[in-house]
Amino acid sequence: MDKSIQNNRAWLGVLPVLLVVAFSAVVPLMTVVNYSVQDILDVNTRFFVGFDWYRETLADPRLQSALIRQLGFSAIVLLIEIPLGIVIALALPRDGPLTASLLLLFAVPLLIPWNVVGTIWQIFARGDIGLLGVALGEIGIVFNYAADPAHAWITLVAMDIWHWTSLVVLLAFAGLSSIAPAYYQAAALDGASRLQVFRYIELPKLRGVLTIAVLLRLMDSLMIYTEPFVLTGGGPGNSTTFLSQYLATKAVGQFDLGPAAAFSVIYFLVVLLLCWIFYTSVVRKKAADDV
Amino acid sequence: MAEIVLENVSYTYPGESAPTLAGLNLTIEHGRAHALLGASGAGKTTMLNLLSGLLHPSSGRILFDGVDVSLLDARARDVALVFQFPVLYESLSVIENLVFPLMNRGWQRTDAVSRAVEISTELGIEGIHDAKPAVLSLFQKQLVAIGKSLMRDDVDLVLLDEPLTAVEPSIKWRLRQTLTRLQQSHGLTMVYVTHDQTEALTFAEEVSVMARGTILQTGKPVDIFQSPNCRFVGHFIGSPGMQFVDCDVADRTARLTGHNSDEVAVALDLPNGHYQLGARVEWVRVRREPGSWQVQGSTILGTEVGEARVLLTLTMGDQKLQAQATGKWSVGDNVNVIFDRFILFDDEKAVVNG
Amino acid sequence: MFKGRTAATLLLAVYTIYLLAPLYWLFTMAISRNQDIVGKFELFPASPTVANFVEIFTKEVWYSGFINSLTYVTLNTVISITVALPAAYVFSRYRFLGDRQLFFWLLTNRMAPPAVFLLPFFQLYSAVGIFDTPLAVALAHCLFTVPLSVWILEGFMSGVPREIDEMAQLDGHSFLSFFFRIFIPINRGAIGVTVFFCFMFSWVELLLARTLTASDAKPIVVVMTRTVSASGMDWGVLSAAGLLTVVPGLVVVWFVRKHLVQGFTLGRVN
């Protein structure tokens, strides 16, 4: 796309955006960084402490275990949702009324408030009043996500899959739809097998949307708060306490502004780092492929 | 390469009430370069898909060398297809693209590669074997696509769907030349679909003009040009197309409709009635003598031996004609018109060549 | 187009059931009285009732929750699209100093965990006096919806040919006339998709919505999480509320259904 008009007056167009984002992001972020390097005893008493809070936070064993749980959770859901989403998108007929209605249905879980998602599964998986819980009970499994950490994890993962796989499906389907039928026709004439069609036609086209899909799922799973909070409250014990919840407890509950702020900054950097690693590795790989 | 026969082929798209193609009959001899010419919507693409096996005829038969292939899929028929835009595997290099169809049919890699080298040398693309399509020009990519279609040596038919559309006008002719060369040297039966008559008339040995789901006329380019069998073909072919004036036939004599009723032809074997006289601009001669026609306008085309060449617009009552002439003419000049050649059309069909 | 249409159909059927089962269960819970729910397990309620819905439509705490939520979601969508449209136009049509950096920086805001902003938002909005108003939540959500909106709109706008701008100029339109009468209508589909995504974020979010409101602007999502009466959880009413929160989503999907697939390419069909 030829964007050859150089015009610095264009800044006027982005001014509204900048103002809004400054109010929503920059100012608060500056505040957080500010707090993270100070010890605030009360409104008038504050000391500059440098990186003390950072050191303390990074050494906190509860943070470390929350981080490990978080990374484990993100890895599991990504490893399931991305391939599953692609496979479902491949299974959908290219067009037709069935596909249209299915896509609408698939979009629904994406638009349900996250606490309702939690509530739905909270009820659904209960051993006494939930369809799933009772069904499992019928085949001999006493399912109790409130008491058993393994059950809690299974329920959380099942819930996240239910909630977010559709995003991958919709993105992958959109990518597949952009492939002109001529490519499939040519492949048929070439005698290509289904696997070859996937590998040489579909996968390269999907690369763009998949990058978006993985990036979004990675970011959002790292930030997950509401659904596990509603479903398990972080328990039993700490077994399903992930990073966001840990931070929220510290920041709002305990009034430890300094450490909470330091944790916030670290958290943000972790998310950025992981996204950056993923993004550059994909971009670099693509560049290498094109040579 | 095979002889291709379409026997009374019709096709109706599922859900449509009217057939897209109705009762087509066509024979393409083996080793022929054949063009399907028509505007969009004429049914050319449907024809192409029926030939390639992507669609099966609703009725009628398609025969390759006498074998009924109507129900065979694209994979089972031995056809090659070149699309409007280069359809290549973007993640594979040129050489990998070329050997792909052969590897899938069990060829040994060394044989496949040597054939790929052979074909690419013929096309002039031997230098880009290891390149990926993304770095090639559109022209090069289309050459690779054409090369891919020629890799298999057992192909009955090569189909091309407007292959020059995406290519820049300045190099269209190169691609066209390449195709002609290949067709002749390999003796390929080629069916070339296009809406561009220049392409069709210069490339093909035989042209079928299509409109509204039927083939109006099949013939050599010169025949189609000189002797269209219906008004549509006359008008469609040529730039400018054929022009028409009203005329009447009475007592076996044809006269132009108009208050002076110029006689055009005698001893015609036609019933009395109203007809259309078709004449190309080149067939109309203007004479500086009193006649039924008046000069209404004149456009300079160029100069010839010192004199101006002009395109004259002539009128006679409601009728209008264009003709080429030399010299100077003024609006209002009274002139006489002679038809060196004309065709009489009754409704849509041609009835007489004069 | 799959190895065996039957395998594909089976997979789609299983996935569809997987999605529908919890929703079905929510529905049956919503039309059951709480005492029936905890009393006896039934696949479909023997005596379905609309009592739960009546409760929601009559009790102020419930319906005001819905109104508050719809208010801030609408506000957020309006603000996001209003500021994103000129920015996206500019990004798609012009180059200027720092444009790539700005664009990228906007996107990184999407990567910020909301939890990080809890405290500063709380203090900032209290200081400015908009704490506990729908505006506060709308603005806070802008942190994510504005970058997303710019990204989506820019993707689509880049696909609109420059010739349209030039033709409008030749026809004598002023810039504003061109922008509002020609350019925006052309991008209807893109705006629809952006509305979908803004809604998708703002309607569903809990953490910020909870932190920035107290009693006046309490959103429905918060009302639901605080529903425990003296006799324990009223699953019936809770489920009815949950079901009602699914409805706006259905409405939005219905309206943008034609653009849904295209929208998910985010304008970037290569």
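Where does helix 1 of chain C bend, and which proline follows within four residues? The bend is at C:L20, by about 30°, and the proline is C:P22. The bend is the angle between axes fitted to the seven residues ending there and the seven starting there.

This is a predicted model, in which local features need pLDDT of at least 70 and side-chain atom pairs pLDDT 80 or more, while totals for chains, interfaces and linings use all residues. Residues are numbered from 1 along each chain as written, chains are lettered from A in written order, and side-chain values use heavy atoms, without hydrogens or water.

**Select residues 5-30 of chain C.** Helix 1 (a DSSP run of H or I, at least four residues) spans 37 Å from first C-alpha to last, over 26 residues. The expected span is 38 Å, taken as 1.5 Å times one less than the number of residues. Its buried residues (under 20% relative accessible area, 1.4 Å probe, protein chains only) include C:Y15, C:P22 and C:W25.

The whole structure has zero disulfides, a disulfide being a pair of cysteine sulfur atoms within 2.5 Å.

**Show chains A and C together.** The contact (heavy atoms within 4.5 Å) takes 98 residues from chain A and 99 from chain C. The two chains bury about 8,700 Å², 79% of it on carbon and sulfur atoms; this is the accessible area (1.4 Å probe) lost on being put together, summed over both.

Definitions and conventions. Helices (H or I, at least four residues) and strands (E, at least two) are DSSP runs, numbered from the N terminus. Buried means under 20% relative accessible area, exposed over 50%, partly exposed in between (1.4 Å probe, protein chains only).
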